[in-house]
Amino acid sequence: MRGEVLGIERRRRWDDEVKLTIVSAVGIDGATVTQVAQRHEVTRQQIYAWRHELKRKGLWSPDAGALFLPAGMVPAMDLTMVEDRMPAATPVVWVELRLAKGRVLRFESNIDDAALSRLIRAVDAA
(Lines give C-alpha, C1' and ligand atoms only; values in the text may rest on other atoms or scores of the structure.)
Protein backbone atom coordinates (compact mmCIF):
# COMPACT_ATOMS: atom_id res chain seq x y z
CA MET A 1 0.00 0.00 0.00
CA ARG A 2 1.38 3.38 -0.99
CA GLY A 3 0.47 6.76 0.36
CA GLU A 4 1.03 10.28 -0.78
CA VAL A 5 1.26 13.47 1.17
CA LEU A 6 -1.03 16.02 -0.36
CA GLY A 7 -0.33 19.62 0.55
CA ILE A 8 1.75 21.14 3.31
CA GLU A 9 1.73 20.25 6.98
CA ARG A 10 -1.16 21.89 8.86
CA ARG A 11 0.60 22.13 12.21
CA ARG A 12 1.11 25.71 13.30
CA ARG A 13 3.28 27.15 16.05
CA TRP A 14 1.72 29.75 18.32
CA ASP A 15 3.59 32.19 20.55
CA ASP A 16 2.36 32.63 24.13
CA GLU A 17 1.35 36.21 23.28
CA VAL A 18 -0.90 35.03 20.43
CA LYS A 19 -2.36 32.27 22.62
CA LEU A 20 -3.07 34.81 25.35
CA THR A 21 -4.77 37.13 22.86
CA ILE A 22 -6.99 34.32 21.57
CA VAL A 23 -7.85 32.99 25.06
CA SER A 24 -8.60 36.53 26.28
CA ALA A 25 -11.00 37.11 23.37
CA VAL A 26 -13.51 34.73 24.94
CA GLY A 27 -16.27 36.74 26.58
CA ILE A 28 -15.48 40.04 24.86
CA ASP A 29 -18.72 41.35 23.37
CA GLY A 30 -20.33 38.05 24.37
CA ALA A 31 -18.02 35.91 22.21
CA THR A 32 -18.18 32.21 23.09
CA VAL A 33 -15.31 29.74 23.00
CA THR A 34 -16.80 28.23 19.85
CA GLN A 35 -16.99 31.60 18.07
CA VAL A 36 -13.41 32.51 19.01
CA ALA A 37 -12.18 29.07 17.92
CA GLN A 38 -13.89 29.40 14.55
CA ARG A 39 -12.55 32.92 14.06
CA HIS A 40 -8.96 31.72 14.61
CA GLU A 41 -9.41 28.33 12.90
CA VAL A 42 -8.60 26.24 15.97
CA THR A 43 -10.68 23.79 17.96
CA ARG A 44 -12.50 24.59 21.19
CA GLN A 45 -10.36 21.99 22.91
CA GLN A 46 -7.24 23.87 21.79
CA ILE A 47 -8.45 27.04 23.49
CA TYR A 48 -9.14 25.14 26.71
CA ALA A 49 -5.68 23.53 26.51
CA TRP A 50 -4.04 26.92 25.96
CA ARG A 51 -5.99 28.37 28.88
CA HIS A 52 -4.71 25.56 31.12
CA GLU A 53 -1.14 25.97 29.82
CA LEU A 54 -1.14 29.75 30.28
CA LYS A 55 -2.55 29.40 33.81
CA ARG A 56 0.23 26.93 34.64
CA LYS A 57 2.84 29.38 33.32
CA GLY A 58 1.26 32.23 35.29
CA LEU A 59 0.46 34.23 32.16
CA TRP A 60 -3.35 34.08 32.40
CA SER A 61 -5.80 34.17 35.26
CA PRO A 62 -9.58 33.98 35.43
CA ASP A 63 -9.44 37.67 36.41
CA ALA A 64 -8.00 38.48 33.00
CA GLY A 65 -11.00 40.59 32.11
CA ALA A 66 -10.89 42.54 35.37
CA LEU A 67 -10.00 46.18 35.32
CA PHE A 68 -7.14 47.12 37.63
CA LEU A 69 -6.40 50.73 38.44
CA PRO A 70 -3.13 51.98 39.91
CA ALA A 71 -3.35 53.06 43.52
CA GLY A 72 -0.77 55.60 44.58
CA MET A 73 0.19 55.93 48.19
CA VAL A 74 -0.31 59.41 49.64
CA PRO A 75 1.46 60.40 52.88
CA ALA A 76 -0.96 60.31 55.81
CA MET A 77 -0.49 64.03 56.50
CA ASP A 78 -1.77 64.88 52.98
CA LEU A 79 -5.00 62.93 53.39
CA THR A 80 -8.18 64.87 53.98
CA MET A 81 -11.09 63.43 55.87
CA VAL A 82 -14.22 62.82 53.81
CA GLU A 83 -17.60 62.28 55.43
CA ASP A 84 -18.76 58.69 55.03
CA ARG A 85 -21.95 58.80 52.98
CA MET A 86 -22.46 55.07 52.64
CA PRO A 87 -25.77 53.97 54.15
CA ALA A 88 -25.59 51.32 56.84
CA ALA A 89 -27.60 48.91 54.66
CA THR A 90 -24.90 48.78 51.97
CA PRO A 91 -23.76 45.18 51.58
CA VAL A 92 -20.14 44.40 52.36
CA VAL A 93 -18.16 43.11 49.37
CA TRP A 94 -14.68 41.67 49.13
CA VAL A 95 -12.04 43.78 47.39
CA GLU A 96 -8.86 42.35 45.90
CA LEU A 97 -5.83 44.65 45.67
CA ARG A 98 -2.80 43.46 43.71
CA LEU A 99 0.47 44.95 44.86
CA ALA A 100 3.97 44.85 43.41
CA LYS A 101 5.91 41.58 43.35
CA GLY A 102 2.73 39.53 42.92
CA ARG A 103 1.36 40.23 46.40
CA VAL A 104 -2.41 40.24 46.78
CA LEU A 105 -4.56 41.67 49.58
CA ARG A 106 -8.19 40.68 50.04
CA PHE A 107 -10.29 42.73 52.43
CA GLU A 108 -13.86 43.76 53.09
CA SER A 109 -15.06 47.00 51.53
CA ASN A 110 -15.96 48.50 54.91
CA ILE A 111 -12.37 48.38 56.25
CA ASP A 112 -11.15 51.52 57.98
CA ASP A 113 -8.93 53.69 55.73
CA ALA A 114 -6.18 54.00 58.32
CA ALA A 115 -6.15 50.24 58.95
CA LEU A 116 -5.99 49.57 55.22
CA SER A 117 -3.05 51.98 54.80
CA ARG A 118 -1.17 50.27 57.65
CA LEU A 119 -1.93 46.86 56.16
CA ILE A 120 -0.71 47.87 52.69
CA ARG A 121 2.51 49.34 54.12
CA ALA A 122 3.15 46.23 56.23
CA VAL A 123 2.62 43.84 53.31
CA ASP A 124 4.62 46.03 50.94
CA ALA A 125 7.54 46.15 53.39
CA ALA A 126 7.55 42.38 53.99
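**Helix packing, cores and hairpin in the predicted model**

The cover over the buried residues of helix α1 includes helices α2 (33–39) and α3 (44–57). Here, buried means under 20% relative accessible area, exposed over 50% and partly exposed in between (1.4 Å probe, protein chains only); contact means heavy atoms within 4.5 Å; and helices (H or I, at least four residues) and strands (E, at least two) are DSSP runs numbered from the N terminus. The model is predicted: local features need pLDDT of at least 70 and side-chain atom pairs count only at pLDDT 80 or more, whereas totals for chains, interfaces and linings use all residues. Residues are numbered from 1 along each chain as its sequence is written, and side-chain values use heavy atoms, with hydrogens and water left out.

The protein chain contains four helices and two strands, arranged along the sequence as α-α-α-β-β-α. Of its 126 residues, 17% are buried. Contacts between residues at least 6 apart in sequence were also considered, and 38% of them join residues at least 24 apart.

Helix α1 spans residues 16–24, and its buried residues are Lys19, Ile22 and Val23. These residues lie on the same side of α1, because they cover an arc of only 95° around the axis, the arc being that of the directions from the helix axis to the C-beta atoms. The opposite face of α1, turned away from the buried side, carries the exposed residues Glu17 and Thr21. An α-helix has 3.6 residues a turn, so residues three or four places apart point the same way.

Helices α1 and α3 pack with their axes 10 Å apart, at an angle of about 120°. Axes are lines fitted to C-alpha atoms, for helices over the stretch in contact, and angles run from 0 to 180 degrees between N-to-C directions. The crossing of α1 past α3 is left-handed, that is, the near helix is turned anticlockwise from the far one by less than a right angle (clockwise for right-handed). Helix α1 contributes Asp16, Lys19, Leu20, Ile22 and Val23 to the contact, and helix α3 contributes Ile47, Trp50, Arg51, Glu53, Leu54 and Lys57.

Lys19 is found in α1, and Glu53 belongs to α3. With residues up to four places away in sequence not counted, Lys19 touches Trp14, Trp50, Glu53 and Leu54, and Glu53 touches Asp16 and Lys19.

The largest nonpolar core comprises twelve residues: Ile22, Val23, Ala25, Ala31, Val33, Val36, Ala37, Val42, Ile47, Trp50, Leu54 and Trp60. At least two residues of this core come from each of α1, α2 and α3. A second, separate core has six residues, among them Leu99, Leu105, Phe107 and Ile120. A nonpolar core is a set of buried Ala, Val, Leu, Ile, Met, Phe, Trp, Tyr and Cys residues joined through side-chain atoms within 4.5 Å. Beyond its neighbours within four places in sequence, Val33 is in contact with Val26, Arg44, Ile47, Tyr48 and Arg51.

Strands β1 (residues 94–98) and β2 (residues 104–108) run antiparallel and are joined by five bridges; two strands pair if DSSP finds at least two bridges between them. Leu97 has Leu105 in β2 as its bridge partner. Five residues lie between the strands of the β1 and β2 hairpin, in which Lys101 takes a positive phi near 65°.
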